[in-house]
Each structure stands twice: as structure tokens, then as C-alpha cells.
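Work through the exercises below with the structure open. Each task is followed by its solution.

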Amino acid sequence: MLSILGISTQQLFQQLLVGLINGSFYALLSLGLAVIFGMLNIVNFAHGALYMMGAFCAFFLLNGVDLPTLHFVGGDGTWAPVVSTVHVSLGISYWWALLLAPLLVGAFGALVERLLLKRLAGLDPLYGLLLTFGLALVIQGVFQNYFGASGEPYPIPKELTGARNLGFMFLPNYRAWVIVFSAIVCFSTWFLIEKTRLGAYLRAATENPTLVRAFGINVPRMITLTYAFGISLAALAGVLAAPIYQVRPAMGADIISVVFAVVVIGGMGSILGSIVTGFALGVIEGLTKVFYPEASNTVVFVIMAIVLLIKPAGLFGRTA
Amino acid sequence: MKSTCLSALIASLLLTTAAIADDKIVKLGELDDQSSLYADSGGPGSVLAVNMAVEDSGLRDKGWTIDVISADHLNKPDVAVGIARQWFDVDKVDAIIGVQNSGTALAVAGVVKEKNGVLLVSGAASSDLTGKACTPNTIHWAYDTYALANGTGKAIVKQGGDTWFFITADYAFGHALQRDTTAVVEANGGKVIGAANVPVNTADFSSFLLQAQSSKAKVVGLANAGGDTTNSIKQAAEFGIVAGGQKLAGLLVFISNIHALGLDIAQGLTFTETFYWDMNDGTRAFSKRFSDRMKNHAEPTMVQAGDYASTLDYLKTLEVMGGNPHDGAKVVAKMKELPTDDPLFGKGTIRIDGRKIHPAYLFEVKKPSESKYPWDYYKLLATIPADEAFRPLAQSECPLVKK
């Protein structure tokens, strides 16, 4: 058995595959960030919190919600108000959640854009950064207040349980699904933005909004929809993550630093760059976990530092 | 005139001595991870436990002034040390309670010794707190890595798990737990064939679990805690670690982990703890009052129970002493003199090295069909008597233990 630096080829393939799985999440999340930054020039720090909201949305759709109710008790002319909660069971499966959660969270994103971000249009991008960062802290704080830190369990959908014996490892079916589905979504998004007419309008609107408006295209609505689309990509990643990582309020904060590093390495506005870099960095991180696990948290940032020194616009970025 | 001056001088001297005599003012500081991976096993629940202990001591009704403040150390030793210094220098705190995360606890223990305060640890696990890092101001209450290793490690090796692969949280706690468990495994005829050091607060363990699988070790030992343990166990189920014939050893598992995992995944897990909410009438009575006041009605974990019991014992000792001398080493010495008794841990003692002695229990998680009511998660497999549960004094590296 061929052995490279002390680990067998079997182990190497295992770790490459596991790296691809993590890379899928990085790719999906950095794609959303790149879409939002490339199209809207907003550094969306709330991305991690919205990924977490997507996962919680899937959890609520499956397990139901506790709605607060106010009713009155008493008699003899005196009525005392009583606040209690009633549990509404929903039982909506994972497959529907894949569609519904991004829509719901995307709608929330559209609301945020309309009410808050629109007011910062044209200002220094720093304002958008501060607003979204504050939003992320508020969202995470609210969820943490209600759900604690440990998180909630979310089961792997029945159709995807079990594992397949690939010879060199047992690959859980759900993780294989994650890779395939992410690749499809990433490719479709890239195709939509780069190759279709709608994508052309979007790209034109960011370069010269006034001219595009003159052509009769509703630019503000397009911006809102683009932001909502980027957010729904984050929520989709959240639903994908729910069965394998615990659905915790801090899950967004944990992953957002790495995702930002991925976007910076790939080039801030580049769609293709974020997808390729996401998968590639997932693989590199996976290999680090085998050879020197203590560095697995920091290797992405070391690479980011090196790339910034050599090519500041990022690997696929275009210098302005 | 001269005699008036003289008597005034003597009177003022007497007044100053009165000012540094014992008073009935106590300030307690609860320092924990309030927001991250360990928050559910200690965190806000520990703050509640400390407050309940203050209420149950009845000292406020006897004219004592007792204040409780709390802070989040974010699992960073430097932050914890900064907070501890401010508490002693500015806020006049007498005792720091809790301190999850062995790295922060070891750092804070040094500050507490320097400022002559009291440190009541129930959150952190490292047995070094009563070993080479022991101080005359530290009391280590609920559990430690030696008790965990001795309970769980020995039981698993005796069942045939003689080759181990560790997945270890890469800081003081994980290393201490791996070291103590390795000692137990090797003493009972087993062997450790590999280990992976994982940064704390990792979400994805798939890479490390695959390494454990490839090693073909009979037992995969999880030398981590809190959110890390929950993630490891959940993902181990996904990768078929147990289905493939390996045994999963959760070396530090709290009831908050089991609740987060659900019985479907957690069933069959075997581990050691020193407290379970449903053990006897005393624990049940406390737990009912505790969970009524907790946001999600969670039952208390071993850490929260330890925070309650240690605070109560500290306050009882102060009552016996008649006042608070604001001298940490003196109070701790008195606590080591007096036997302890509380409804949570029963009768026990505190040793010269600061180690609180009480029995440990080996639990197994029930199957979903065996669980009859909410939080009914554990069944008792064995009781490890108090004199066997913790590291014997003869093996202690603590400088306070005279050899």
C-alpha cells in the first residue's frame, strides 16, 4: 500500500472527500456573499446569522413553533390577562424545507434590504458592513436567548440515511448528497448570472444603474431581489447543514470568518472564484486535518495572507 | 488636654481594629462560559444555582449582605484573568465560583491565590487543579479528569476495550483527560494506538472520526466536552463508528449533551458523573426548584449542582466562623476542617489538596422506549465509592500534601 508522508492512499482519498463536503458549504456561502458584494457592493456580515436562520427555519418547519397567546381569565367583571404559549405542529419534511426555508429567509432578507440597507445606498461601504454586523449580533443574540447554546437535533431525512461502501471508506449518503446538490446549485447560479439575460441585466445594473434605469428596468427592485437571492443561498446552506451539524445559534458565527477568507482569496466580486476557491479550500483544510490537525482552524487564513501579498485582488478577482 | 488627646488616639486605634474585624458582607462572582459551547452545562444555569444557594443559606434573613455578580470569560484565559483582577481590586469580590474551561480555571487560580480570595471550581475538569497547580485558596468540587478516567476508562477496558484512539480537545482540559485516561487504560492492560488534537469549538469531526476508524482501535475515546462532544457523537453515528464495531467512549458527558442529541443517537452511551437530578428525593427536590426557574426548564447538570453545593458550603462555613474575615486561605482551611452535607452530593469531606470527596456513578443512557418522562435519560450501572473515585493522596503532586 502506497504511503505518502505516513498516511495511506486510502486515508488520503477519505480526507479529500471529506474536504469536498466542507468545501460545499464554503462554496455555497461564499457564492451568496460574492453575489451580494459583486452586485450591490455590500459586505454582508449578517450572512452567517442568516445561514443559522435557514437551519432553524428547517427545524421549525419540522417540529412546529411555540406561539405566544394572550387570553383573559376570570369572571365577576374582572378579567386578568394571561400570556401562555401554544405549540403549533407543522411536520414539514426536509425536502419541502429545502424550498421553503430559503424563500422565507429570503423574504426576511428582502425586508431588511428595503427597510435598512436601502438607506445606506451610495454611502461608504463601511456603513453597510457595520449595519449587517450589528444585525448579525442581534439575530444571534435573540436565538441564543430562546434556545440556549447547545442547539437542537435535526434528523437526517429517511431517504438519505445509511452509507455507501466506496471501497476506501464508508461515505454517508447524506454527505454525498451535500456535494452533489451544492455543485448543482453553484453551477446553476453561475450560469444564471453569467450566461442569461437576467444575469446580464443584474451585472449591467451594478456597473451603471442610471443607464439601466433609462432602459425601463426597475433597478431598486432588482437590487432587493438580488440581496434576497444571496440570502436564500445562505439559508439553503443552513438547511443542508441542519442534519449534520447541530442547529445552534452560534453556527453562523463559527463559519463566517472562514467564508469571508474564502471570498477574499477567490476575489471579492467573482462568482466563479468563490465557487472554485470554496471547494479547493475545503480540500486543503481537510488535508491539514490529517497531517497537522492543530492548524486546521488557521490554514485558511494563512493562505489568505499569502494570496493578499501576491495578488491583492484575489485569485479570480478583477482589479478595478 | 494631653489625656484627652491620648484617649482620642487610643479610641481611634481601637476603631481601626474594629474596621478590619469580621463583617457580614459577602460578594460572590460567578465566572463561566455564558454564551459558547459550554454555556448549557454551566453558564446562566450556574448563575441561577449560585443565587439559589445564597437564598437557601438563609443568611440574608440573619442580617448578612450577600451580592452575586457574573461574567462571561468567552473561554479565554486572558479575559478570565482580567475579569478576576478587576473583581478583586475594584469590586471587592470574596469568592469566584464556577470557571468552566480548565485553561481559564488554571489561570484564575493563580490570581485568586495572589489576591487571597476563594476559588470554588465545579466547571473545569483538569485534575491538575488539585495536583501540581493546587493552591491554599482553591476547592475543586464536582468532578475531575481523574474521576472520569477512573470510572469510564476502567469500566470500558474491563469490558474488552483494550485499544484506544483519542479525539482530544487541543487545550489543557483535553490533554489532562487524555493523560489520565491513558494511565488508567495502560494500568489495566490496554494500549493507546493514536490520537488527534482538535481545536476546541470545532463543528466538523468527520476527518478525525475517519482517522479513528482507520486506526481500527476498539475504542474511540472522546476527550472533549460540551458542544464538541455533541458534534462528535452525532457525526460518529453518521459515519457508522459504532455500527462498524468500535465503541464510543464519551469521557465527559453532561445531561445537556444528551438532551441536545436526543435518545435515538445517545442511547447506550456509558460515562461517569457525580450528580444526576433524578437520583434521590434530595436531588429531585432541588432540581424541581431549579428547572422551574430555568428558561427552557432544563434539569441541572453536574456542574450547576456543584456550583450550588460549593456556594452553600462556603456560606455555611462563614456562618460557623461568625463573620467574613475576607481572608481566602483562612476560610478554605476552615472548609477543609468541617465535614460537608448537602442534599445534592450527600455527606462528604474536603481534602488537604482542595479536592472535594464524594462518590462517583457510572451511568448508561436509556433507550427511547425506557424513558418515561421528560429528562428521564440515565440508568445507574455502578457506584464508585468516595474513597476510590478520586486520585489517592499518596499519588498527589500537590505541594500542600506533606509527604
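**Exercise 1. Strand pairing**

Task: In what sense do strand 11 and strand 12 of chain B pair, and over how many bridges?

Solution: Strand 12 covers residues 346-350, and it pairs with strand 11 in the antiparallel sense over three bridges. Strands are DSSP runs of E with at least two residues, helices are runs of H or I with at least four, and both are numbered from the N terminus. Two strands pair if DSSP finds at least two bridges between them. One bridge joins Asp341(B) to Lys347(B) in strand 12.

The model is predicted: local features need pLDDT of at least 70, side-chain atom pairs count only at pLDDT 80 or more, and totals for chains, interfaces and linings use all residues. Residues are numbered from 1 along each chain as its sequence is written, while chains are lettered from A and ligands numbered from 1 in the order in which they are written.

**Exercise 2. Domains of chain B**

Task: How many residues of domain 1 of chain B are in contact with domain 2 of chain B?

Solution: Start with the bounds. Domain 1 is 24-143 + 279-358; domain 2 is 146-273 + 360-389. These bounds come from an automatic or database domain assignment. The domain centres, taken over C-alpha atoms, are 27 Å apart. Now count: 23 residues of domain 1 are in contact with 21 of domain 2. Contact means C-beta atoms, placed from the backbone, within 7 Å. On the domain 1 side, helix 4 (102-115) and helix 12 (302-321) each give two or more residues. Helix 4 gives the most, with three.

**Exercise 3. The core**

Task: Which residues touch the most other members of the largest nonpolar core?

Solution: The core has 216 residues, and the answer is Ala55(A), Ala58(A), Ala235(A), Ile96(B), Val108(B) and Val220(B). A nonpolar core is a set of buried Ala, Val, Leu, Ile, Met, Phe, Trp, Tyr and Cys residues joined through C-beta atoms within 7 Å. Buried means 20 or more other C-beta atoms within 10 Å of the residue's own, with C-beta atoms placed from the backbone. Helix 1 (residues 9-40) of chain A gives the most, 17 residues. Both domains of chain B contribute residues, so the core lies between them. Beyond four places in sequence, the contacts of Ile96(B) include Trp87(B), Val108(B) and Leu119(B).

**Exercise 4. Helix 5 of chain B**

Task: Why is helix 5 of chain B largely enclosed?

Solution: 13 of its 14 residues are buried, so the rest of the structure largely encloses helix 5. After helix 5 comes Gly160(B), with a positive phi near 110 degrees.

How values were computed. A residue is buried if 20 or more other C-beta atoms lie within 10 Å of its own, exposed if 12 or fewer, and partly exposed in between; C-beta atoms are placed from the backbone. Two residues are in contact if their C-beta atoms, placed from the backbone, lie within 7 Å.
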